[in-house]
Amino acid sequence: MAIHRHDNHKSANAFMEWMDARMPVTKVWNEHLAEYMAPKNFNFWYYFGSLAILMLVIQLLTGIFLTMHYKPDAALAFASVEYIMRDVPFGWLIRYMHSTGASAFFVIVYLHMFRGVIYGSHREPREMVWLIGCVIFVALMAEAFMGYLLPWGNMSYWGAQVIISLFDVIPFVGPSLTEWIRGDFVISDATLNRFFAFHVILLPLILVALVFLHLVALHHVGSNNPDGIDIYDELDEDGHPKDGIPFHPYYTVKDLVGVCGFLIIYMGVIFFFPDMGGILLEKDNFAPANPLQTPPDIVPLWYFTPFYSILRASTETLLQFFAYSSVIIAVAAAIFTKFKLPVRAGFIILGLIAAVVFMNSSGKAWGVILMAAAIVCFFLLPWLDRSPVKSIRYRSLPFKVALAIFLVAFFILGYLGMNAPTPIKTLMAQVCTCIYFAFFILMPWFTSIGKTKPLPTRVTVKEH
Amino acid sequence: MKKLTTLLVGFLASALVSSAAVAAGGHGAAVDKVYLNMSDKAALQNGAKLFVNYCLSCHSAQYARYNRVAEDLDIPLQQLKSSLMFATEKEGDLMTTTMPAEDAKAWFGVTPPDLTLVARVRKPDWIYTYLRAFYRDDSSPSGWNNSLFENVAMPHAMYELQGVQKLVGKVADGGDHATDQSASDGETYTVVGDAKFELVHPGKLSPAEFDKAMGDLTAFLTYLGEPAQLKRKTIGVFSIAFVLLLMGLCYLLKKEYWRDVH
């Protein structure tokens, strides 16, 4: 027996040698798993990267099976989804995995992004990792938006109608652009077919390619860690980081635990609360699309609601507030800064121009601009953040306070977006919109003030 | 780390506040709470019988199949064919209605909606209240009206079971808080949702029996909205138990590997 094993081992080696001479299998395995040095102090927050990949795979696989039974045809789509729910063996499970999966994906991605912000993973030298991640976030939003049309329920229909008509506000080309996107004057079979094509082919390809680039960039610069210090600053005699451990097997086995923990929550939703009281599957979407019957409140799914709130917050009142503020800020800048006189006069002129623009443009147009800007802000984070340290563990108090306020505002915006607007709710959304943008605009200031804590030379690990 | 924990607590607290606010919002008309027992096959079978006898003539359940209903509710095929299906239908057929849509529109003003998913659109409590809230109204075209769905085109399909109700008035604390039977001034009124009714002509069933029957019908419609719900929770318990076990093993594996990390 021992001889046999030895022979097997030898032939396996011979096979790998043959393979490695033709394709860098062992090299890639070592560079990205077995010899990829990851800091040893990853905590709970670091599960969400591997979970995001798991979620992508789940969505791709369940998507394939849904595609086998789904009919991208306005006359058949709704019934084909019910066919999947009833007549396809375990079709309901596949469909719930996919519909719950979309929300789970966003939960994971939001937490993954939050991890990046609190530990400074967006900072030098990981700007490209962060930027590609932001593009993934945008692609994921497009993927989710298009997928939401496919069940062809009434909320699918009207949600798409509202969001696509946003492009109407673009000067000159707006109306013809929306017509071009829809392929018709209203959301119709043509729209459903192209959204299906984008949802099952184009965007999944883009997402997979972006995730690949995200990992290429990450493995080129190495992983950050909860202390935000570079583990390559402290090397042992062999030139390995003292605080680094090979990703495989250490983090592969650790992530298995995270995967199980996630699956328990994910399955809990799938099997016990698949529509989450209307949050994951909206009740209006169990009625087929009806161009003649608008649902009482058109609301997007929860993961879009913070941005949807910002869109709706843009009313004439908000623009007036912006106009007054720009004048006040310009005057303050002219009085309190020490630039030459012409520059200071320039501030006032700029402020007045801004005020005139705000007073004379429509709330809807600014809503679209603000919503787009709210997402663009994330892309700018690496350059807005001026803190001398990366991790929240060593950051100054102003950053922590600002982040906490931002989080609360983000949650309130998310909640408001799920509900029909009332005057008081619109006001709350406007205040939170201002907080949202203030967080990014003031970031260069509040990250550079206050006393940071001294950085350790080695990562901190809890005694166990 | 302490700061981070504080931050996390704040994060979760705001999440809780927003979800509590979501739970508190979204109240519509006053509806009565219905207690559904989806494992009570007798109740579901009774609901199916009521559905076929009183609903399916005008409404369809076009995404559901007869034999699937029979299989899920333990109805023998022979009984399905003899008492639930029309003679011309095959057991694997979809539960469509025999009433042509154009005729229905001409007769009622609207085509009666398909009921397969009505429990997912309207929610069970609403259906349970709606079915019991029909009353005689000579001013409406059909001679019937509904206190939950004002001026609904649908006539009272089950008046022979419930009898004829007269609307007496509205109660302030309707819905979940109302008592079903309230005796005042020596007369017996029934409170459904926020409406108070007087039974002017009794039907085949007593008010309590009718409520039970409508509970069964609501349970059947709830089942019809999502047939998978009868088994998904059971599958869920076993699946989650398996992953819990797997998680324990993975944790031990992780601990073993990480013994040499200091």
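**View 1. The buried residues of helix H13 of chain A.** Gly351(A), Ala355(A) and Phe358(A) are the buried residues of H13(A), where buried means that 20 or more other C-beta atoms, placed from the backbone, lie within 10 Å of the residue's own, exposed that 12 or fewer do, and partly exposed the range in between. Seen down the helix axis, these buried residues fall within an arc of 70°, so they line one face of H13(A); the arc is that of the directions from the axis to the C-beta atoms. This is a predicted model, in which local features need pLDDT of at least 70 and side-chain atom pairs count only at pLDDT 80 or more, while totals for chains, interfaces and linings use all residues. Residues are numbered from 1 along each chain as its sequence is written, and chains are lettered from A and ligands numbered from 1 in the order in which they are written.

**View 2. The other face of H13(A), and its cover.** Turned away from the buried side are the exposed residues Pro342(A), Val343(A), Ala345(A), Ile349(A) and Ile353(A). Helix H12 (316–336) of chain A is included in what covers the buried residues. Helices (H or I, at least four residues) and strands (E, at least two) are DSSP runs, numbered from the N terminus.

**View 3. Where chain B touches chain A.** Here 38 residues of chain B are in contact with 35 residues of chain A, contact meaning that C-beta atoms, placed from the backbone, lie within 7 Å. On the side of chain B that touches chain A, H10(B) gives the largest share, 15 residues.

Note on methods
Contact = placed C-beta atoms within 7 Å.
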